[in-house]
Amino acid sequence: MSAIKGASVVIVGGGVTGLSAGWWLAREGVDVLVIEKGMIGWEASGRNGGGCSHHHSPLFLEEQRLWPKMDELLGYPTEFAGSRIRLASSEHQMALYGRALSNAARQGFKSEILDTRQIREFVPLAGDNMVGGYFYHFGGHANPHRTLQAYAWAMQDHGGRLMQHCAVTGFRSVGGKVTGVETERGLIACDHLVIAAGPHTGRLSAMLGHEVPMASARCEMVVTEPLPLMPYGGVDGNGLYGRQTLRGNLAYGGGPHEWLDIAGNAAPAKPTTPLMGHIGRRLAELLPKAAHARIIRSWAGVIENTPDGRPVIDRLDTQSNVVVATLSSVGFGLSPASGHAIRDLVMDGACSFADISSFRLARFAQLEPDWRELQGWQALAAEEALAA
Amino acid sequence: MQVISIQAKCAMASTVPPDPKSVAGKSLHVEERAQLLVIGAGPAGLAAAIEAAGRGLSVVLVDENPVSFKTMGDEVPLHYGQGMSAEARNRNAMMEAFIASEPQIEAAFEAGVDVRLGTACWGLYANGPAVTWLPGLVAGLNDESRSWMLQAEHVVVAAGRRDMGLGFPGWEKPGVLGATAAVSLASRYGALGRRRVVVLGSSTEALTAALNLREAGTEIAAIIEQAQAPLGSPELIAALRKAGTEILTGHVVREASGRDAVEAVLFSEIDGDGRSFGAERIISCDGIVLAIGATPVVDLLDAMGCRIAFQPERGGYAPVVDSGQRTNVRNIFAVGDCAGIWSGKTQDRAIAEAEGRRAVAAIAAGLGMTDDRVVPAALEPPAPSHDISAYRLAWVRASVIEARAEFHVCQCEEVTAREILEVRPPRYLDWKNERRNDRSLSALLGEEPPNPDQVKRLTRAGMGACQGRRCREQVAALLALGAAMPLSSIPLAGYRAPVRPLPLSIAGQIPEPPEQAEHWDTWFGMHAQWRPFWDVPELYTVATNDATGPVASE
């Protein structure tokens with residue numbers, strides 16, 4: 001690769017948010033470069049539940065509008081499959097999950113309550129132990145890594161560029177604008193900068209004087225061998241998120257997370273723990289006829305959260321050509337829409353299709369400086385070092 | 001300023017409880033404890049267990065063998081290729097044969113080692129930079145009906161070897177199996193259901209396997225070797241020739257033929273580029289034994305984060321160990337074949353046994369136990385007898401890339417070599433948009449070598465129920481050939497627990513602490529995260545947030 005001296009828009013972070021933004025910009029002919037410190041999608045973007053049903057978000061309508069046509073728009077398969085079923089093993093869960101119906105109804109989407117007979121019909125691997133469930137005539141699920149690669153390839157098809165294995169070390173600013181990105185491979189000039197670097201977004205934005213408050217945690221998932229396909233793969237509940245993939249594997253996660261301290265540019269270690277067994281037990285409860293299925297892998301991802309768990313997609317006040325973006329641990333499904341929103345902020349200064357004022361960074365203006373401790377989100381002290 | 005904030009932090013930390021939805025304060029149910037867990041009852045593991053018991057340590061020794069007939073059918077832990085005879089169905093007989101075939105097992109019982117046969121270790125876990133809630137070093141164990149956690153102060157991994165898979169048209173047929181599996185079935189159990197086999201590979205390892213098979217009563221019809229001359233020792237070649245084995249160098253398998261299982265092997269001569277020429281020949285046989293590359297079993301070690309490096313003198317990817325057999329993870333040791341395979345070690349089990357004892361000596365020294373036992377000196381492997389990178393690549397070029405018909409390199413997920421090299425989406429997606437044809441390996445690369453984990457996620461090669469045991473070395477070789485790089489430059493495809501397939505119903509038996517069940521949530525359990533956007537306050541502060549509000553993470 002010849003040395004890249006600059007691009008009109010430089011996006012720091014080759015996760016699903018940055019790559020979607022890169023694709024949105026490139027398809028309009030904008031000269032865009034995505035810089036990734038490691039490999040694209042190697043953190044949480046490429047390893048998550050794949051859900052696309054975020055009825056609480058202002059990006060929901062755009063998420064729903066885009067997913068059914070993403071394969072066609074990108075030109076590469078995402079494995080999107082529509083509709084979603086959520087099963088409850090207790091009246092308490094049933095009540096909690098029910099909020100989705102009112103959220104969706106308010107925005108014009110239909111859902112249904114499933115009785116146990118319908119559960120058996122729609123979910124052949126289910127048993128008689130669920131008290132009820134919901135069928136969403138919206139949302140769905142897709143394959144995270146395949147989608148992420150599709151964004152990257154589609155962006156490149158439109159002339160966008162990708163630079164992997166290149167860490168960002170700083171920024172150059174002149175007169176209230178960022179003019180360049182300092183990297184391990186030298187300075188890269190830019191007219192616009194997007195920081196969408198997942199857990200590293202806080203540290204990088206702090207270099208520009210506007211730290212996006214966030215903390216990172218490790219979460220775990222399991223996947224089984226393939227099973228015969230159910231009519232709807234997007235079945236979860238019983239304290240789990242996940243899906244049956246189009247290949248037939250059951251890929252599910254849930255349960256406790258571990259708050260971490262992420263320092264520097266290094267990729268965080270992502271070990272799994274015996275929580276695998278506890279996820280497995282809940283999965284066998286959710287889908288008792290799959291109890292014989294064998295877990296063939298477990299994995300972990302590191303994900304950032306803002307103090308309220310909600311996204312930040314905003315232009316900086318003092319450097320107007322900078323957009324910062326974190327989807328706060330719920331980024332994959334919303335990515336078709338978040339990339340669009342970022343494109344709008346970069347090119348037009350405002351989001352054209354949704355009111356994203358709740359994503360403003362300014363909502364943290366009065367945030368307690370020790371918010372992390374106050375919320376109990378501290379990393380636990382390492383009891384022993386891994387390395388001897 | 002700095003001082004004040006630290007003081008404030010300390011004050012807070014003492015008053016604010018940790019996030020109840022996190023792992024903080026959660027406990028793991030540990031069913032049993034041991035000072036030393038040894039995984040694998042081969043020469044090295046047995047020597048370690050017996051030595052440790054002799055020094056007064058409490059020792060649990062697990063070995064997944066004998067695995068059940070069904071498990072063998074699932075290609076766990078080796079590439080059995082349905083090569084087992086009906087005798088393998090008799091579990092009691094298999095158990096007796098397993099114990100009888102290794103006198104040191106009896107010696108371990110007598111030495112006071114808690115020996116558990118038919119018990120697998122599917123995961124090793126320790127606290128580290130990103131995990132802090134475990135009680136210590138723990139191992140996930142299971143047998144046919146149960147799984148549970150064992151906590152150990154030290155773990156010696158002696159997980160042995162398996163074989164690099166090598167594809168050719170028909171290699172999915174019953175009767176194509178790895179040399180380690182074949183020798184185990186034949187020599188340990190008398191349960192190899194194949195009478196006349198062709199062996200692929202001519203290294204000393206391969207020839208030794210062939211001679212072991214012959215000794216157990218299997219006819220070795222031929223040795224097929226793509227290289228122009230045999231690699232292994234002339235004495236072993238002569239011994240095989242004497243008994244009528246054909247030595248076919250400069251040849252490669254074109255097809256394994258047969259209706260329901262291997263009935264014959266078709267092969268031909270190859271040129272310097274691995275391309276076949278001349279007339280094909282046929283040898284009737286009921287088995288094809290893959291012996292082109294024995295590989296250390298590093299799955300548990302890699303999955304838990306031990307440093308693994310491509311070490312040709314140790315047979316490929318092997319853990320980095322010091323003179324005390326220590327890995328870089330505290331209290332984890334690797335001994336025997338899983339710490340490195342070379343022919344001298346294969347010929348003389350005393351080398352592996354010495355590694356086992358050396359690990360125990362290091363453990364004892366660490367515990368401050370001093371005695372006058374003589375610790376065998378560390379023995380470094382000699383320089384490799386052949387360039388295993390070039391050798392394995394040559395096999396894959398001749399057998400897989402130059403194959404006369406496409407076949408599944410990854411049998412579980414049915415992925416061909418071309419699909420791997422072109423990074424094609426899996427066929428079940430029925431993807432018709434040919435625009436993606438320009439997306440090949442080179443488009444993924446950037447400036448780094450191709451990464452098998454990335455290719456796996458896109459093509460599914462290596463993603464199946466056999467957990468990549470049959471295809472991962474071939475996939476790595478294909479990527480090396482595709483990128484024109486040496487095999488050593490291709491990163492190891494990552495292993496993940498469980499390193500043995502584990503049914504949900506068995507994995508789920510690990511008890512869960514009530515405080516974890518009480519706070520279990522689908523996602524982070526944050527009320528604020530899921531408030532609909534029309535209901536979000538303009539400013540967020542911890543003080544004004546209702547952290548106890550209802551949560552149903554979507």
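How many residues does the contact take from chain A, and how many from chain B? In this predicted model, the contact takes 90 residues from chain A and 87 residues from chain B.

Select chain A and look at the side that touches chain B, where the elements giving two or more residues include helix H4 (91–97), helix H5 (99–106), helix H7 (144–157) and strand S15 (294–305) of chain A. Coloured by class, this side of chain A shows 40 nonpolar, 31 polar and 19 charged residues.

Stay with S15(A), which pairs in the antiparallel sense, over two bridges, with strand S22 (residues 502–503) of chain B. Within this pairing, pick A:Ile295, which stands opposite B:Leu502 in S22(B).

Next, select residues 13–51 of chain A, which UniProt lists, in an unreviewed entry, as "domain: Rhodanese"; over this stretch the chain is 28% helix and 10% strand, with the end C-alpha atoms 21 Å apart. Then turn to residues 35–348 of chain B, listed by UniProt, again in an unreviewed entry, as "domain: FAD/NAD(P)-binding", where the chain is 25% helix and 32% strand and the end C-alpha atoms are 29 Å apart.

Finally, centre the view on B:Val157, whose contacts, leaving aside neighbours within four places in sequence, include B:Ile39, B:Gly40, B:Leu300, B:Phe333 and B:Cys338.

Methods: Residues are numbered from 1 along each chain as its sequence is written. Chains are lettered from A and ligands numbered from 1 in the order in which they are written. This is a predicted model: local features need pLDDT of at least 70, side-chain atom pairs count only at pLDDT 80 or more; totals for chains, interfaces and linings use all residues. UniProt positions are given in the numbering used here, feature names are shortened, and annotations may be inferred rather than shown by experiment. Helices (H or I, at least four residues) and strands (E, at least two) are DSSP runs, numbered from the N terminus. Two residues are in contact if their C-beta atoms, placed from the backbone, lie within 7 Å. Ala, Val, Leu, Ile, Met, Phe, Trp, Tyr, Cys and Pro count as nonpolar, Asp, Glu, Lys and Arg as charged, and the others, Gly among them, as polar. Two strands pair if DSSP finds at least two bridges between them.
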